[in-house]
Amino acid sequence: MNIIERYVERMMNESTPEKPLWNIEKISEGKINGWNYIDGCMMIALLNLYRITGESRYYEFAERFLDHYVFEDGSLRGYKEEDYNLDNICEGRVLFDVYAISGKEKYRKAIDTLYGQLLRQPRTHEGNFWHKQIYPNQVWLDGLYMAQVFYARYTTEMEACKGYEDIRSQFRTVRERMYDQNTGLYRHGYDASKTAFWADPDTGCSQNPWLRSLGWFSAALIDVTAEIAPGHEDFRSDMVAIAQELAKNLLPYIDPETHMLWQVPDQIGREGNYPETSGSAMVAYFYLKGARLGMLDASYADVGAKIFLAI
């Protein structure tokens with residue numbers, strides 16, 4: 001058994017729905033675990049492992065875990081729509097697969113619960129989702145991953161793709177508003193009202209790029225595109241163009257010594273800055289999956305593998 005398998009086995013063997021080892025910080029603080037994106041990322045990983053390996057234990061663990069959080073009426077333990085928090089949409093991605101395999105109607109109802117939030121999610125004047133109710137008019141790069149992958153799958157499977165233009169428009173606005181011509185990267189946040197303390201009064205953007213949010217955004221580009229149904233080539237070509245531009249622009253920020261990217265990626269070597277694991281992992285995912293799906297040139301697979309092995 002390789003090191004990744006051992007790691008995942010430990011995560012499963014030492015975790016319960018109430019106390020997942022991968023979210024141990026919250027447990028250590030004495031907080032009650034509720035529906036959240038961190039669990040969502042782990043469930044996505046387990047279902048991917050199930051698809052790749054055929055090992056039923058990965059699926060069985062994921063369904064047992066989700067069964068604790070999804071009630072018969074489709075409501076979710078610890079979830080409040082009125083928070084309008086895009087992070088809470090992320091875990092909904094796994095509900096499609098668990099519903100398809102288990103046939104349990106409560107998972108179908110839970111999908112609609114989360115989609116109902118998106119229908120009522122506050123938006124900027126351009127039409128982009130607010131990241132959270134408590135951050136009015138703010139768009140964060142990580143929100144594209146948290147909400148748009150679920151949205152893309154929902155509208156593909158359940159709405160005959162009618163939401164595609166909305167999703168496409170939100171990515172286009174991020175490209176127009178948050179892209180930094182000087183670095184070729186994206187700023188982490190954008191305030192459409194330009195009133196947040198961190199917002200540039202002219203652009204509404206935050207001062208710096210942030211590796212982890214660039215990682216979330218890059219993963220969103222790949223995962224949303226993977227959900228686009230055939231026959232929607234304009235949407236797909238827009239997404240691929242943004243992904244290819246980002247893939248090229250990230251290359252100069254890969255540290256030649258560590259083969260990773262830094263927390264503030266355009267300030268390699270600055271005191272207090274450091275090669276950062278989670279963002280580098282997502283960039284590796286972006287390159288590897290993008291190359292495999294043909295969104296990126298095949299040569300990017302080697303770039304992704306080098307980052308991954310460096311981690």
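**Note on aromatic pairs, a nonpolar patch and selected loop residues**

1. Y145 is buried, at a relative accessible area of 7% (buried is under 20%, exposed over 50%, partly exposed in between, with a 1.4 Å probe and protein chains only). The model is a predicted one, in which local features need pLDDT of at least 70 and side-chain atom pairs count only at pLDDT 80 or more, while totals for chains, interfaces and linings use all residues. Residues are numbered from 1 along each chain as its sequence is written, and side-chain values use heavy atoms, with hydrogens and water left out.

2. Over the whole structure, 19 aromatic pairs are found (rings of Phe, Tyr and Trp, the last by its six-membered ring, with centres within 6.5 Å; planes under 30 degrees apart are stacked, over 60 edge-to-face, the rest tilted). Y115 and Y154 are stacked, because their ring centres are 3.8 Å apart and their planes stand at 15°. This pair links distant parts of the chain, with Y115 in helix α6 (residues 105–120) and Y154 in helix α7 (residues 141–158), 39 residues apart (helices are DSSP runs of H or I of at least four residues, strands are runs of E of at least two, numbered from the N terminus). Both Y115 and Y154 are buried.

3. Y145 also has an aromatic partner: with W216 it forms a tilted pair, 5.0 Å centre to centre and with 40° between the planes. Here too distant parts of the chain are linked, since Y145 belongs to helix α7 and W216 to helix α9 (residues 211–227), 71 residues apart. W216 is buried, with a relative accessible area of 11%.

4. One aromatic cluster is formed by F96, Y115, F129, F150, Y151 and Y154. It therefore includes both members of the stacked pair, Y115 and Y154.

5. For R57 the ring is that of Y58, with 4.6 Å to the centre. For R175 the ring is that of Y179, with 3.8 Å to the centre.

6. I3, I4, L288, F308 and L309 make a nonpolar surface patch of about 510 Å² (residues with over 30% relative accessible area and no salt bridge, nonpolar side chains being joined within 5 Å and like charges within 9 Å; areas by the Shrake-Rupley method with a 1.4 Å probe; a salt bridge is a side-chain nitrogen of Lys or Arg within 4 Å of a carboxyl oxygen of Asp or Glu). Helices α1 (3–13) and α12 (300–310) each give two or more residues to the patch. F308, in helix α12, is partly exposed at 43% relative accessible area.

7. N128 lies in the loop between α6 and β1 (138–140) and is buried, at 2%. Its side chain reaches the backbone oxygen of Q170 at 3.1 Å. The N128 side chain also makes a polar contact with the side chain of T173 at 3.5 Å (a pair of N or O atoms within 3.5 Å; within protein one must be able to donate a hydrogen and the other to accept it, and sequence neighbours count only if both atoms are side-chain atoms).

8. Most residues other than glycine have a negative phi. Y84 has a positive phi, near 45°; this residue is in the loop between α4 (56–69) and α5 (93–102) and is buried at 15%. A160 also has a positive phi, near 55°, but A160, in the loop between α7 and α8 (164–178), is exposed at 69%.

Methods. A charge sits over a ring if NZ of Lys or CZ of Arg is within 6 Å of the ring centre and within 35 degrees of the ring normal.
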